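This report covers the nonpolar core of the model and the strands and helices packed around it. The sequence and structure come first.

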Amino acid sequence: MRILILILVITCPIIISAQEAQLYETVNYQNAVKNETRSRNGKPGPMYWQNHADYTITVRLDTALKRIFGKESVTYFNESPDTLTNIVLRLYQNRYKKGAVRDDEVHPGNIHEGVELDTIIINETGISLESHRIMSNGTNFSIPLENPLPSKSKLSIYCEWSYKLPLEPEFRRTGYYKDNAWFIGYFYPQIAVYDDMEFFPNMKGWDYMLFHKGLQEFYNDFNNYKVTIEVPEGFFVWGTGSLTNEEGVFTNSLIERLDEARTTDEKVEILSKDDLNKDYLVGNIWEFEANEVPDFAFGTAPNYLWDGTSILIGDRRIFVDAAYHPESVLYPQVIDIAKNSVKYTSEVFPGIHYPYSHATTFNGMLSGGMEFPMIANNSDDRDTVFLTLMTFHEICHNYFPFLMGINEKRYHFMDEGLTQFFTNRFLWDKHGMDFYTNTRGSVKSIGIYAAYNYFCVTTQDNSSLYNAYAQNDMNNAFYQYLIKPVVPFMLFADMIGEDKFLFALHEFVHRWKGKHPTPFDLFYTMNDVLDENFNWFWNAWFLDFGYPDLGIELQDNQAIIKRMGARALPLPVNLTIEYKDGTSTTISKSMNIWKNGGKQVTIEIENLENVKSISLDDKSVPDINHGNNYIEIN
Ligand SMILES: [Zn+2]
């Protein structure tokens, strides 16, 4: 039987309405455009500026006292057009200070007296820590400047500090784990970002958002670091940047193994089980250097296993390594996963060369994982799917946000959305894995869309523009990080084609690497590079509220497909027509049929007498209400 002619009739005007055409912008972004630091073609404006600092840090881990003792000299460069009247330091570990405001409980055993700042000297003038003019607010510490810092000038800060490390088990990204394994991040007084976007009362452009719980992540300038680390004898150290005194810490035989790992694609057991409790160290002072990176962190342990290898990316060999507990069952797999991750991100998706000299995975956290520049602090819990996901995901963060300097405290959806999009793509492409269902071999995207349908009907759902600061539990973070922002990036790439998506993304990276892009800079760059106005999509999926729900009605021989609800999101249409003879056909329409703001489209169905049912795809398209997706006809 010859069946069907389907005619798609769009019943709305084809010109994009003014409301759809214009991107919603926050007022601070509009001001940035006015001040020419940003521009609506997505490029940094001619007046774009960014501050930065040089840190020289000496730090000692005292495992008996369970404390960090540090000293730092910082030179801070004010490139802004403003005269700065105060300096904001971040004391992250005040999250554990007795009486601190927190989003949720921390283990009572981890609560302490806060970061003890013993000395602060600014431009050679000692600062009285008792001064009532110092504002200490949670993890922020604002010091008024005796002599304000003019535009295009620098100041120096010297300080000494110590704090007690968290020891008790809980979800945390730094502190003590087990068997003398420590990961030290967020450990030094860090100058907050002063930028062209922030505007806190009395704080002007300082990023004054607190670090309440630790679910908030990074927003840092690109700085240079020289870090000297003293650990107990017998402890190895893995950190951001390059170890500059290898001969001062490693025996020659260990350096030979390292050199081998740095030049071969094969896995080298730099420290195997046979090496445990043997002497491979000649010193306990470790010197690292890292330039133009947003942070510095390190892991340390005695008697860890250490696998290494390398991979040629472009004209550089990237060193890939994993340091882990000798009893870990899963971790011996990490080195291969990590190497494949660097290869995949560099050559396939997103297809941007890995930006740093090494990718280290350190086995610290008791559950989950956390990225730091060039080094991740990852658990060995759960299973191979999770290990693969986590290893790739944390390595991928070296692009977003570490290469891109995204303000994750506000716009986590940029870095988590893109990172998890790439992660899902890697899991499918290389392993046939769906993280959301922990299965192999079903249809790509079904798991995440089902998860999205489940979460987006809860009160946790709101505009992505707002979400990062509202993080207050792990469930919400899981949704806001690994589901909600991933879905629109997937849909967008599907709509325009992956090649075009990556082409535009590469240009975004090219324009903004080492800078602080906002979502508007991303969206305008995409529009500019693709030479098309996608504001109807960015508005709906990232900036506004809304949920996905297409419904179908039949009037005579017309199937009317409706966007349900006041702010129903634009979605692709897959209409399946099932015939009485058992055959079926599916007609697919791109999401851009909604770009004019239309609320319904009509599909005419011929030979209706032969049709058994019509239905809208609610599996490979997000859709919260499956009840309006199916009509039985005959
Ligand atoms: Zn992440």
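## Core and neighbours

Leaving aside residues up to four places away in sequence, Y304 touches A181, F236, L271, A323, Y324 and H325; contact requires C-beta atoms, placed from the backbone, within 7 Å. The model is predicted: local features need pLDDT of at least 70 and side-chain atom pairs count only at pLDDT 80 or more, while totals for chains, interfaces and linings use all residues. Residue numbers start from 1 along each chain as its sequence is written.

Y304 and A338 have the most contacts inside the largest nonpolar core, which has 175 residues. Such a core is a set of buried Ala, Val, Leu, Ile, Met, Phe, Trp, Tyr and Cys residues joined through C-beta atoms within 7 Å. Buried means 20 or more other C-beta atoms within 10 Å of the residue's own (exposed: 12 or fewer; partly exposed: in between), with C-beta atoms placed from the backbone. Helix 7 (residues 408-431) gives the most to this core, eight residues.

Helices (H or I, at least four residues) and strands (E, at least two) are DSSP runs numbered from the N terminus. Strand 18 (residues 298-301) is covered on both faces, with F298 and T300 buried on one side and G299 and A301 on the other. Two strands pair if DSSP finds at least two bridges between them. The pairings of strand 18 are listed below.

| Partner strand | Bridges to strand 18 | Direction |
|---|---|---|
| Strand 11 (residues 182-184) | Three | Antiparallel |
| Strand 14 (residues 236-239) | Four | Antiparallel |

G299 is the bridge partner of F183, and A301 that of F236.

In helix 8 (residues 446-455), the buried residues are G447, I448, Y449, A451, Y452 and N453. These pack against helix 7, strand 24 (433-434) and helix 11 (486-496).

Note on methods: Contact = placed C-beta atoms within 7 Å.
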